[in-house]
Amino acid sequence: MRILLVEDDRMIGESVRTSLRQDGYAVDWVQDGRSADAAMSAEHFDLVLLDLGLPGMSGLEVLHSLRGRKNSTPVIVITARDGIEDRIKGLDAGADDYVVKPFDVDELAARIRSSLRRSSGHAEPEIEILGVRINPATREVRKDGKKIMLSAREYAIVEALMLRPGAILSRAQLEERMYGWGDEIESNAIEVYIHGVRRKLGADFVQNVRGVGYFIPKPEPT
Ligand code: CA
């Protein structure tokens with residue numbers, strides 16, 4: 001899962017980035033509205049954390065621009081304690097949720113998980129496909145009821161594929177969900193992680209379309 005963090009306050013930005021990375025998200029951080037607008041025009045993010053008071057272009061303008069392009073990426077706005085009017089404007093402009101400064105990182109993490117679940121069409125917190133069950137809130141993985149330990153990046157691959165069963169994700173799309181801008185992308189890393197996932201969850205669980213990408217088969221309706 002890849003998150004764009006838009007925050008001009010360095011202290012808040014750094015602490016949010018650190019805590020989200022610890023949770024296994026790929027995080028890209030920009031500190032002004034125009035950079036945010038440019039990043040969202042050019043690249044895919046699973047979610048955006050958007051401060052409203054930004055230099056250059058305000059958070060609301062960034063949000064209007066995003067929704068104006070019919071881009072429905074979930075957006076959580078970050079507002080000041082006394083900014084009730086801002087919260088309302090943000091929600092009216094198409095934000096999915098908001099947090100009020102100063103916010104608790106655990107609360108922010110819960111709101112992120114809930115927005116990601118809603119946007120992927122899964123109201124249920126757990127997803128199960130072919131005997132493999134994941135809980136995006138706890139990142140717990142079970143196969144046929146038995147708990148399986150995946151690394152953060154193996155988990156990122158499994159979650160991205162399980163959220164859209166049947167859809168083929170290219171190597172670049174998987175890398176986008178695993179790495180932020182600052183991270184060095186190891187060559188052949190995807191193959192290595194896929195190998196690990198297959199070893200733990202079954203050789204047929206993740207399928208490969210040569211030269212195109214990877215997918216998890218969509219279960220037959222019963
Ligand atoms: Ca600000």
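# A tour of the calcium site, domains, pockets and cavities

Begin by selecting the calcium ion, whose protein donors are D8 (OD), D51 (OD) and G53 (O), lying 2.2 to 2.3 Å from it; donors here are N, O and S atoms within 2.8 Å of the metal (3.2 Å for Na, K and Ca), and water is not among the atoms, so sites may look incomplete. This is a predicted model, in which local features need pLDDT of at least 70 and side-chain atom pairs count only at pLDDT 80 or more, while totals for chains, interfaces and linings use all residues. Residues are numbered from 1 along each chain as its sequence is written, and side-chain values use heavy atoms, with hydrogens and water left out.

Along the chain, the donors of the calcium ion follow the spacing D-x42-D-x1-G. D8 sits in the loop between β1 (2-6) and α1 (10-22), whereas D51 belongs to strand β3 (residues 47-51), so the pair ties together parts that are 43 residues apart in sequence; helices (H or I, at least four residues) and strands (E, at least two) are DSSP runs, numbered from the N terminus. Colour these two by accessibility: D8 is partly exposed, with a relative accessible area of 33%, and D51 counts as buried at 4%, where buried means under 20% relative accessible area, exposed over 50% and partly exposed in between (1.4 Å probe, protein chains only).

Next, colour domain 1 (2-120) and domain 2 (127-215) separately; these bounds come from an automatic or database domain assignment. Taken over C-alpha atoms, the centres of domain 1 and domain 2 are separated by 25 Å, and 19 residues of domain 1 are in contact with 12 residues of domain 2, contact meaning heavy atoms within 4.5 Å.

Now turn to the largest pocket, which has a volume of about 410 Å³. Select H44, F45, D46, P74 and S119, the closest to its centre of the 19 residues that line the largest pocket. On a 1 Å grid over the protein atoms alone, a pocket is an open set of points with protein on both sides within 12 Å along at least five of seven lines, a cavity is a set of points where a 1.4 Å probe fits but cannot get out, and lining residues have an atom within 4 Å of a point. Grid points are joined across faces, edges and corners, and a volume is the space filled by probe spheres set on the points. The lining of the largest pocket draws at least three residues from each of domain 1 and domain 2.

The second largest pocket holds about 260 Å³ of space. To find it, select D23, A137, T138, R139 and E140, which are the closest to its centre among the 20 residues that line the second largest pocket. Helix α5 gives the most to the lining of the second largest pocket, with three residues.

Finally, look inside for the two cavities of 30 Å³ or more. The largest cavity has a volume of about 110 Å³, and of the 12 residues that line it, R113, L116, R117, P136 and E159 are the closest to its centre. Both α5 (105-119) and α6 (152-163) supply at least two residues of the lining of the largest cavity. The second largest cavity, of about 30 Å³, is lined by M1, G24, Y25, R139, Y155, A156 and E159.
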